[in-house]
Amino acid sequence: MLTLTILVPLFGALVLASGTRLDARRARLCALPFGLVPLLLLAAAWVGFDGSAGAPAFQHVVDLPWIASLGVGWRLGVDGISLSLAAMSALLFVAALAWPQVLGARARHWYAWLLFLQGVSLGVFLALDLLLFYVFFDLSLVGMYFLIGRWGHDDAPRAALKFFLYTLAGSLAILLAILGLTLGDAPLSFDMRVLIERQPLDGGGLRATLVLLGFVFGFAVKTPLFPVHTWLPPAHVQAPAPASAILAGVLLKMGGYGLIRIPLSMMGETFARHAPWLAALALASILWGALVALAQSNLKQRIAYTSINHMGYSVLGIAAAGSMRAGETPARQLALSGAVVEMLAHGLITGSLFFMTGVFWQRRQDYEMAHYGGLAGNAPKLAAAFIVAAFASLGLPGLAGFVAEFQIFAGTFVLHPWMAAIALLGVLVTAALFLQMVQRLFFGTAPQGQPAFADLRGVELAVLTVLLALVLLIGVYPAWLLLPIERAAAMIVGG
Amino acid sequence: MPIGDVGPEIALALAAVAALLAAAFLPQSRQPLCAGIALLGVLAALLLGAQQLTTPPRLGFSGSWALDGIAVQARLLIVLASGLCVLLAPRWLADDRRHGEFYSLLLLSALGAMMLAGAADLLQLSLAVLLSSVTGYTLAAYHRDWSISVEAGMKYFLIGAFANALLMVGVTLLFGLLGTTRYDAMATALAGAEASPLLLIGAGLCVLGIAFKLAAFPLHAWLPDVAEGAPVPAAAFLTVVPKVGAAVALARLVGLFPVETLDLRPLVAVLALLTMSLGNLAALWQDDLRRLLGWSSVSQSGYALVAVALVGLSPRAEAALLYFLLGYALANLAAFAVVAELRGRTRLVDYAGLGAIRPMAALVLVVSLLSLTGIPPLVGFVGKLLLFSVAIDGGYAWLAVAAVINTVISLFYYLRPIGTVYFGSTRSAVAVLGGSIRLSLVLVGSALLLAGLAADWLLQLAVTAHLLALID
C-alpha cells in the first residue's frame, strides 16, 4: 500500500512527461487523479493504523531487498509522526495540483514535475531505510530545482541554483553522517528499526559528536535554521505560488522530521548531550526570523521569514524533547508532539498563505505591500481566508497554531524555563507583524489609481476552504490528530 | 598459463588488423564496414572476457600478467566502453578519407588500456602505458586539418613524453633497488626491506607516470584540450578508457607496497585531493561544454584516486573503484554521445532551450550530469556512496569530507548546462547526426539509470573483485 503511495505519482509523472498532446487544462485533469491516489491511500492507512498500547511502533511495513550486499532495502512504514506528516503533504500536493496556475506552453511538464516531487517527498516520510530516505531526500531537491528554475519569475534560475547548492551541501553532510553512523557496525544495515534498537554511537566520543554535527547541519539547512537559512527567501519569492506552498509545507518539514527520526531516535544519548546548543540555535532562528520578517515590505518575503521563525519553534520542541535521557518524560513527550503538530500546522497555514500570495501575483505581478490597501471591501473572501490563516499563524487559540505552540512552550518551560521565556518574545513579534500585514493589505485606503482586485474564484476558494477548515478542526478538536502523534512521541522519548 | 587468458586481447588485436586491412582496400563510402569489424571484435572480446569472471585469480606469462577479479572486470568495462565509442564514429568520420583506420587505432589503444589493467610487471606496465599513449596521441590529433585538434594531440604528446620518461626512471630505480620487475618478486623483496629515499623516489615516479594516464594532478593538463579538440568519438574514448586501465594499474602498484615499509597511500590521497579540487575549480567558469566535461573528468579522476588510496585498508576498496569507474565511464560517454549527436556543438549558450527541441538528447545530457554529480538513484550515486563509505571505513574520513565539499562545488558547474538546456529558450533549429550515435545515446542513457537501480547485481560482482594477494 505504501509502495503504491510513492509509485503512483511517479508513474503519473512519467505518463505526463511522455504524453505529447495535452493542453494545460487536460494536463491538470490528467494529473489530479494520480495526485489524489496517495491521499486516499494514506487516509486508508490512517484508518487502518493501530493506535492501541501494544501495537508495534511502525506499521504497514514493506521490506524488500534492494542492494542486499550493503544492507540497503526498499523498506517503508509509518508511525504516528510520519503518517500525519505524509498525509498532510499529500493533501498539500493535491491542493498544488488543483491550484489554477497560468503556465504557458509547457504545462504538461509542470504537472509531471509536481507529481514526481509528490512521489519522492512522500518517500522521505515513509522510508524506513536510511539510504532510501537519503535517495528520496536528494530527489526532492531535483524536483524542486526544476519547479523553481523553470516556472519561477525574476531571477528564478539563480534562486533555484542557490537552493540546490545549499540543500545539497546539507544533504551530503547527512550522507557522511549516515555512513559514519552505520559503518563499523556488523552486520551492516541501514534499516531504521535496527538502528533505533542498536543506538550505534551512544558511547560518546569524537565520532559520535561529528556524526551528530553532520545530521544537525544537514537538517538545519533544510529546516532552515539561522544562520544557514539564506537560501530560503529568494527561493520562496521567486518560485510560483504552488511551489512555494510545497516548499514551505512539505520540504521544510523534512528537516524537522529528519531530526526526530534519525539523531533523536538513533543516537539519543549524544543528542541529549548537545541538545542545549540546538535549542539555542532554534531560539536564534525564532527571534531572527520574526525580527527580519517584521522589516520586510515584500509580502512573500515576510511570509518566508515567518517560516524560519515557526520552524524555530518546532526545532526548539525537538531539542527540548531530546535534552535528557531520563526523567521529565511527560514534558519531553509534550514538547515532541508539539513540535510535530507545529510542523503540520505550519504546513497547512503557511501553505495556504503562500497560495494566497499567488492570488496577489496573478492579479497584479506585485508583492509590495505598500501597493495594496483596503482590499477587504474589494475581495472579502480573500480577506476572510487571509485573516484566518494569519491569526492561526500567530497562535490564536482555537486554531491549529495555538495547539502546537502551547504544547511546545509548556514542554520547554518545564525543561528550560529561560528559553521558553525568550522564545515567547518571538510570539509577540509575530503577532505584531501579522496584524500589521493584515491591516496594510486589507484595511485602510487603497493607493490612488489602482485597478479593481478580483476576489477568490471557484477552485481557489475550494482549496483554501479545505486547508483552513483543517486548521480550524485541529484548533477546536485536536484529539484525533494528537493520539497517534503522542503515542509515537512516547515511543521515542520513552515512557 | 593458457593462451585463452588473453583471449579478449587477441580478439581486439585481430579485429584491429582486420579493420586496418579492410580500410586499405575499401572505397571511402564503404569504410563504415570497418566499424562493423571493430564491433565484432568487441563482441568477441566481451564474450571471451565474460567467461573469465569465474576463473580463480592467478598470475601468468612468467608472472607478468595478472588475471584477478579486478583485472577481469576492468577489462570488460574497457571493451564495453570502447564498443560504445565505436558506435559514435561512423557518421562523425564519414567525410574523412582515413575513416577506417580510426577503428584500428581505437582498438589498439583499448588493448593498451587492457594491458594496463592486467600488468603485474613493471616492464609490462611500461609497455602498456606506451601502447595506450602512442595510439592516444594519434586519436587526439585525428582531425589534422583543424588546428585545435592538432594542438590537443601536441599537448597530449608533450606531457606524455615527459610522463613516460618519469615512469622509465622510476621503473629503473625500482629494478635497481629490488632486483626484479615482477610484482610477486618485488612484494617478497619489499616485505623485509628498509624504506629508503631512493625507493620512495622510484615508487613516486612510477605513480606519477601512471597518474598521467589518469589525468591526475600534476599531469592533467592534456585532458581539457583533448576533450575540446579531439574528434568527439576520440574524446569520449580518451577521457574514459585509458583511465580505467590506469586506475587499476595504480591500485595494483599501490597495493604492492606494504604499509609498514613504504606507504604510498598518503601520497595518492594528497594527489586525489589536489586533482579533484583543481579539476572542479577550473571547471567552474567554462563556457564550453567540452572543456567543462574535460575539467570535470579531471576532478572525477580525483575521486577514483580516493578508492586507490584505500586499497588494502578497506575490504571494499576495489569494489568501490570498479563501481565508480563504471559510473564515471557511462556518464562521460553519455555526455559525449550527446555532443556527437548534436554535431559537436560545444558553446554552452548554444545549448539554450535544447530541452524543448531535442528532448531526448537533453534528457540524456541532464541524466549524465546528474550522475556525475552523484544524485540518486543514478549509477554515479552508488559509486560515490561506496567511495565515501570506503574512505570512512579505511580511516581517511578527511578525504571523504573533502570529496563531499568538492561534490558541492561540482554541482555548481554541472547545473549550469542543465539550467541552460531547460530554462533557456531558442528558436534556431538543431542539426543532429543520428544513426548509430542515437543508438549509443539510448543505450548509455538507460544504462545510467538501470545500473543504479540494479546496483545489487553489479555490486555482488564488484565485491568479488579483489586484487591478487601477492604474498600469502
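**Reading the chain interface and the salt bridges**

Analyst: Between chain B and chain A there are zero residue pairs in polar contact with both residues at pLDDT 80 or more; a polar contact is a pair of N or O atoms within 3.5 Å, where within protein one must be able to donate a hydrogen and the other to accept it, and residues adjacent in sequence count only if both atoms are side-chain atoms. This is a predicted model, in which local features need pLDDT of at least 70, side-chain atom pairs count only at pLDDT 80 or more, and totals for chains, interfaces and linings use all residues. Residues are numbered from 1 along each chain as its sequence is written, chains are lettered from A and ligands numbered from 1 in the order in which they are written, and side-chain values use heavy atoms, with hydrogens and water left out.

User: How many salt bridges are counted between chain B and chain A?

Analyst: A salt bridge is a side-chain nitrogen of Lys or Arg within 4 Å of a carboxyl oxygen of Asp or Glu. The count between chain B and chain A is zero.

User: What elements and residues make up the side of chain B that touches chain A?

Analyst: Helices (H or I, at least four residues) and strands (E, at least two) are DSSP runs, numbered from the N terminus. Two or more residues each come from helix 15 (359–373), helix 16 (379–393), helix 17 (397–423), helix 18 (436–453) and helix 19 (455–462) of chain B. Helix 17 of chain B gives the largest share, 12 residues. By type, this side of chain B has 23 nonpolar, six polar and three charged residues; Ala, Val, Leu, Ile, Met, Phe, Trp, Tyr, Cys and Pro count as nonpolar, Asp, Glu, Lys and Arg as charged, and the others, Gly among them, as polar.

User: How many residues of each chain are in contact, and what area is buried between chain B and chain A?

Analyst: Contact means heavy atoms within 4.5 Å, and by that rule 32 residues of chain B are in contact with 29 residues of chain A. Buried area is the accessible area (1.4 Å probe) that two parts lose on being put together, summed over both. Here the value is about 2900 Å², of which carbon and sulfur atoms give 83%.

User: Which residues of helix 19 of chain B are buried, and where do they lie around the helix?

Analyst: Buried means under 20% relative accessible area, exposed over 50%, and partly exposed in between (1.4 Å probe, protein chains only). In helix 19 of chain B the buried residues are B:Ala455, B:Asp456, B:Leu458, B:Leu459 and B:Ala462. They line one face of helix 19 of chain B, because they fall within an arc of 165° seen down its axis; the arc is that of the directions from the helix axis to the C-beta atoms. Their cover includes strand 1 (59–67) of chain A, together with helix 3 (69–92), helix 13 (317–341), helix 16 and helix 18 of chain B.

User: Is B:Arg265 buried or exposed?

Analyst: B:Arg265 is buried, with a relative accessible area of 3%. B:Arg265 forms a salt bridge with B:Asp263 at 3.0 Å between the closest N and O atoms, and B:Asp263 is partly exposed at 28%.
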